[in-house]
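Subject: Structure handover

Hello,

Here is the structure I said I would pass on. Please keep it open while you read the notes below.

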Amino acid sequence: MSDAIQGPNATHCTLLRVSGASGWEPVTYLDGQNVARGVAIDILQEFARQNRIELEVNLDIPWTRAMLMLANGEIDAMAGAYFTEERDKEFLYSLPFASDDIMVFQNADHTFAVNEARDLINHRGARPQGGSYGDFLDHYAADYLDIIFSPTGNRIMDLLTSHRVDYVMLGRYDGLANIANDHISREIHMVERPLVANPVMFMFSRKSPCMKMVPKLDTFIHHLDETGRLTKMTETHLPAPPQN
């Protein structure tokens with residue numbers, strides 16, 4: 001371990017240890033060479049370089065375990081997360097740097113109208129395990145929906161193509177990437193109206209010395225947005241549209 005790497009009780013942020021979702025285009029994902037990519041990674045790389053901070057990214061950690069590590073100060077930040085009241089009590093959020101539409105995906109042979117979350121009642125659904133879709137959708141799903149949690153988010157569309165569920169609840173680009181990777185564009189229908197649109201933010205541990213860098217990171221994100229660079233950075237990580 002290098003001399004620059006300091007523990008969670010250090011007073012200065014010299015190393016920024018980051019985790020996040022491994023298949024959440026365009027926010028964070030692993031490419032074909034297992035290298036961390038995404039607009040969140042691009043932002044952190046440039047921010048760390050400008051502030052002479054060493055950046056360590058590991059997207060191989062399962063989300064639930066990474067959240068525990070964040071709470072314990074074993075990592076400093078999650079590179080992309082939705083806001084919830086419960087998380088806000090324990091962690092510190094940055095400004096939003098992206099927005100993610102939560103969409104309903106259906107088997108093309110078994111579609112039904114969905115205009116809002118209540119239209120999913122009496123249908124069996126699936127969503128990835130471990131994450132949040134924001135307070136409203138999380139609570140509504142728990143109270144009213146018949147929905148299972150899939151431990152393998154990158155194969156969640158298998159539940160649709162095998163007719164084990166009626167729909168999958170997934171981020172727009174996450175779902176489109178799965179469809180493109182599995183070559184199933186003819187088999188899957190995306191309901192165009194989003195259930196919700198969630199701001200995406202960096203989430204920092206309050207036990208991390210890097211928490212003090214959040215105001216500076218906010219200023220950096222604001223500058224990227226104002227100059228149009230944030231949009232361009234995001235566009236480079238959008239999955240190609242499905243080919244019919």
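In what order do the strands of the open sheet of three strands stand, and with what pairing? The order is S2-S3-S4, and the pairing is antiparallel. Strands S2 (23-24) and S4 (36-37) stand at the edges with a single partner strand each, so one side of each has no neighbour in the sheet. S2 and S3 (residues 28-30) run antiparallel and are joined by two bridges; Gly-23 has Tyr-29 in S3 as its bridge partner. Here strands (E, at least two residues) and helices (H or I, at least four) are DSSP runs, numbered from the N terminus, and two strands pair if DSSP finds at least two bridges between them.

Before going on, note that this is a predicted model: local features need pLDDT of at least 70, side-chain atom pairs count only at pLDDT 80 or more, and totals for chains, interfaces and linings use all residues. Residues are numbered from 1 along each chain as its sequence is written, and side-chain values use heavy atoms, leaving out hydrogens and water.

There is also an open sheet of eight strands, with mixed pairing and the order S5-S1-S6-S11-S7-S10-S8-S9. From one strand to the next the twist averages 30° (axes are lines fitted to C-alpha atoms, for helices over the stretch in contact, and angles run from 0 to 180 degrees between N-to-C directions). S7 and S11 pair in the antiparallel sense over 13 bridges, and Phe-91 has Ser-205 in S11 as its bridge partner. Helix H1 (residues 39-50) packs on this sheet and touches S1, S5, S6, S7 and S11 (contact means heavy atoms within 4.5 Å); its direction makes about 160° with that of S5. H7 packs on the sheet too, touching S7 and S11, at about 55° to the direction of S7.

The structure holds one disulfide (a pair of cysteine sulfur atoms within 2.5 Å). The disulfide joins Cys-13 to Cys-210, with 2.0 Å from S to S. Cys-13 lies in the segment before S1 (15-19) and Cys-210 in the loop between S11 (188-205) and H7 (214-226), 197 residues apart. Cys-13 is buried at 15% relative accessible area, and Cys-210 is buried at 1%. Buried means under 20%, exposed over 50%, and partly exposed in between (1.4 Å probe, protein chains only).

Regards
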